[in-house]
Amino acid sequence: MGAAALRALPWALLLLLGPLLPGQGLQANATRVSGEQPWGELGGITAAPPATAQEVHPLNKQHHNHSSDGHSKPRKAFPVLGIDYSHVRIPFEISLWILLACLMKMGFHVMSSVSKVVPESCLLIVVGLLVGGLIKAVGEKPPILKSDIFFLFLLPPIILDAGYFLPLRQFTENLGTILIFAVVGTLWNAFFLGGLMYAVCQIGGSGLNHIGLLANLLFGSIISAVDPVAVLAVFEEIHINELLHILVFGESLLNDAVTVVLYHLFEEFANFEQVTIIDIILGFLSFFVVSLGGVFVGVIYGLIAAFTSRFTSNIRVIEPLFVFLYSYMAYLSAELFHLSGIMALIASGVVMRPYVEANISHKSHTTIKYFLKMWSSVSETLIFIFLGVSTVAGQHYWNWTFVISTLLFCLIARVLGVLVLTWFINKFRIVKLTPKDQFIIAYGGLRGAIAFSLCYLLDYEHFNMRDMFLTAIITVIFFTVFVQGMTIRPLVDLLAVKKKQETKRSINEEIHTQFLDHLLTGIEDICGHYGHHHWKDKLNRFNKKYVKKCLIAGERSKEPQLIAFYHKMEMKQAIELVESGGLGKIPSTISAVSIQNISPKTLPEERVIPTLSKDKEEEIRKILRSNLQKTRQRLRSYNRHTLVADPYEEAWNQMLLRRQKIRQADLQNAYLTVPANKIDSPTMSRARIGSDPLAYEPKPDSENLPIITIDPASPQSPESVELPNEVPKGCGGLPPSPEEDEEGLVMRPKEPSSPGTDDVFTPGTSDSPSSQRMLRCLSDPGPRQEPEEGEPFIPKGQ
């Protein structure tokens, strides 16, 4: 009995390690009941056995056992118990693979010392290699990751999670850069790599001569695209800054349209006897059809999902299901017409999210968030595990020349493409991409399971070199994931590249962000430049005026964005407070799971603090909105070509210049020192007036003395000195007194103008030509004989 158990143990292990795709994996050796037919396969998944009439109606089994043919099943010791593994084989093996993926992921995060050095994707591929080797060691054929399973079941959750929670602001602000990298960069990589590989095949020997140009271009289009799954797995671990993350990840999302078009285009051209110019033009136009068609399908399903969520207020349980179903239907509808399914998923997630979150409950939002994260994480783990298993199970053809050339040209094409495109992009970017950023973008171009699955779809009849293509693609995937993925973290630390800052958004940041958006929009309108902020403002106005009223139910459609963000932050902070145990005063009978159970749903009738009614609040908001936006709406049609000249503009400029000179004079005089002993000689006074007129103050007993009025606006100018009351000494019938001779001239500052007037618009008496001429004569006495050397400046006897 013990020996029989030991012999049965390997068989039990093989059943536990059965494949996900039964068509390639283990087959049960148990004899089937007579009359059963082999199972059929559909799309890589083994179908259930065809049900007979007896199986459909279990009550007929008794009649079948006692039929007239005389054959009956053998009697069992226990009529109920039995072993029927074929009945549960498919879901049981799928559950085992998912369980293995979850255990490996959990073990990776438990071993913190390993996770700091080796990326998670590398360890998962190693696990797949070990499992595939174990299955092959016991004499069974390991399963292979079929393309239908990958594209229809494993890839959509990852793309939906990325599209639904896409940082839309960073994505739209860098959309031009992302499109250039995704479209131009992918085309450059495909044709550069395909052309060089065709040259290698022509000079590489007899084993490569039969590979034509179209086959090499098809291979280049498959291997040139950056894989979003690999980029997500590596970049989320190193916590790179938002700019580099969105550039590389956005490129990996949007290059799907280019890859799909090139793949199907070269695949169709391989069947043609001759490719004409019309075929090339139609192939070029098909790029726009595939990309824009995928976006259109995603937008339609996103709007339908948002409209459906408007009516789910009475049945909250099915709200998350609508998000998943409509997104998946968008992906399948795009794949139905060979459009870009990835772009359809991204468009549907981006479009539906703001409206769905406004309609659904907070519990539904939490369900969507964690279910998408769980689903995408499991799919990502299974993809990397099956990459390792498929490497062991697949048929390979190793050609050193082809494989090494592919790896080398992939690296060269990526580096050259990033350098050239960045040089062009930096001419139009405000925030330039530094050499460190360019290095990370080039080094982060990882390849993954999309290239493997696309190559696996190739037909042996038209592409008999598929095994060699698969070998080269797996080599490139392993190099990028293991070598580049393991070394990118120390390189980021070595180059001191800016990392992501984990900061929570505040209401202050949101207010300033909206203020800057409005300010930049107004600047663009005044300049007559219709840029990014102008069209964004137009779209937001159209969204508030029409779309929100149709897709959002209740009062939330009229709620301003800032108030909605404030309510969202309040809810988040309250939930965090409950989860942290900060609400100690709340009774224990109240559940701490949801904030909805903490705050009462109906407000009390009387409040301690008097507040405005809802009607008053809405009226105040309308008044503020109408008045704050009135200036914006009045000036939105103006530009630099239609502005009307202001007739008072020149006068205002002169007045501002005069006032600026006054301020400069005040600042200058603040640092000047006045001599202690003033020289009262008229000649010296005139000399001092020209240099520092504000340093002299009127004397208290100088009522009958001549007055010099000084305009402080221009202290260095001779025209600014006025002497309207100067009387020559000895004139007027009175002899000059000795006191007057000693005191000389007295300076008095010019009286300030009355309030409401300005010197520009109210000219004084000194502005007449005669007074100006008199001022010039008095301030400039004319040429004088230069004093001889040693002679004092003021002659004696004056």
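User: How many disulfides does the structure hold?
Analyst: The structure holds 0 disulfides. Keep in mind that this is a predicted model.

User: Cysteine 201, buried or exposed?
Analyst: Cysteine 201 counts as buried, because its relative accessibility is 0%.

User: And cysteine 410, buried or exposed?
Analyst: Cysteine 410 is buried too. The relative accessible area of cysteine 410 is 5%.

User: Step back a bit. How many helices and strands does the chain have?
Analyst: There are 29 helices and 5 strands in the chain.

User: What share of the residues counts as buried?
Analyst: The chain has 798 residues, and 39% of them count as buried.

User: Of the contacts between residues at least 6 apart in sequence, what share joins residues at least 24 apart?
Analyst: That share is 77%.

User: Which ones are buried in α10?
Analyst: The buried residues of α10 are Ala215, Asn216, Leu217, Leu218, Phe219, Gly220, Ser221, Ile222 and Ile223.

User: What covers the buried residues of α10?
Analyst: The cover includes helices α9 (175–203), α12 (242–269), α17 (400–425), α19 (449–456) and α20 (466–495).

User: Pick a residue in α17. Where is valine 418, and is it buried or exposed?
Analyst: Valine 418 is in helix α17. Valine 418 is buried, with 3% relative accessible area.

User: What does valine 418 contact, leaving aside neighbours within four places in sequence?
Analyst: With those neighbours left aside, valine 418 is in contact with Phe181, Gln438, Ile441 and Ala442. Phenylalanine 181 and valine 418 are 237 residues apart in sequence, but their C-alpha atoms are 7.7 Å apart in space.

User: What about α4 and α6, at what angle do they cross?
Analyst: Helix α4 (residues 85–110) and helix α6 (residues 120–137) cross at roughly 135°, with axes that come within 11 Å. That makes α4 and α6 oblique to each other. The crossing of α4 and α6 is right-handed.

User: Which residues meet there, between α4 and α6?
Analyst: From α4, Trp97, Leu100, Met104, Lys105, Phe108 and His109 meet Glu120, Leu123, Leu124, Val127 and Val131 of α6. The contact of α4 with α6 divides into 8 nonpolar, 1 polar and 2 charged residues.

User: Back to α14. What is in the loop between α13 and α14?
Analyst: Serine 309 is one of the residues in the loop between α13 (277–308) and α14. Serine 309 is buried, at 5% relative accessible area.

User: What does serine 309 touch, not counting residues up to four places away in sequence?
Analyst: Not counting those, serine 309 touches Tyr355, Val356, Asn359 and Ile360. Methionine 352 is 43 residues from serine 309 in sequence, and the two are 9.5 Å apart, C-alpha to C-alpha.

User: Where does alanine 496 lie, and what is its phi?
Analyst: Alanine 496 lies in the loop between α20 and α21 (507–527). The phi of alanine 496 is positive, about 60°, although alanine 496 is not a glycine. Alanine 496 counts as exposed, at 58% relative accessibility.

Notes:
Residues are numbered from 1 along each chain as its sequence is written. This is a predicted model: local features need pLDDT of at least 70, side-chain atom pairs count only at pLDDT 80 or more; totals for chains, interfaces and linings use all residues. Side-chain values use heavy atoms; hydrogens and water are left out. A disulfide is a pair of cysteine sulfur atoms within 2.5 Å. Buried means under 20% relative accessible area, exposed over 50%, partly exposed in between (1.4 Å probe, protein chains only). Helices (H or I, at least four residues) and strands (E, at least two) are DSSP runs, numbered from the N terminus. Contact means heavy atoms within 4.5 Å. Axes are lines fitted to C-alpha atoms, for helices over the stretch in contact, and angles run from 0 to 180 degrees between N-to-C directions. Angles under 35 degrees count as roughly parallel, over 145 as roughly antiparallel, 65 to 115 as roughly perpendicular and the rest as oblique. A crossing is left-handed if the near helix is turned anticlockwise from the far one by less than a right angle, and right-handed if clockwise. Ala, Val, Leu, Ile, Met, Phe, Trp, Tyr, Cys and Pro count as nonpolar, Asp, Glu, Lys and Arg as charged, and the others, Gly among them, as polar.
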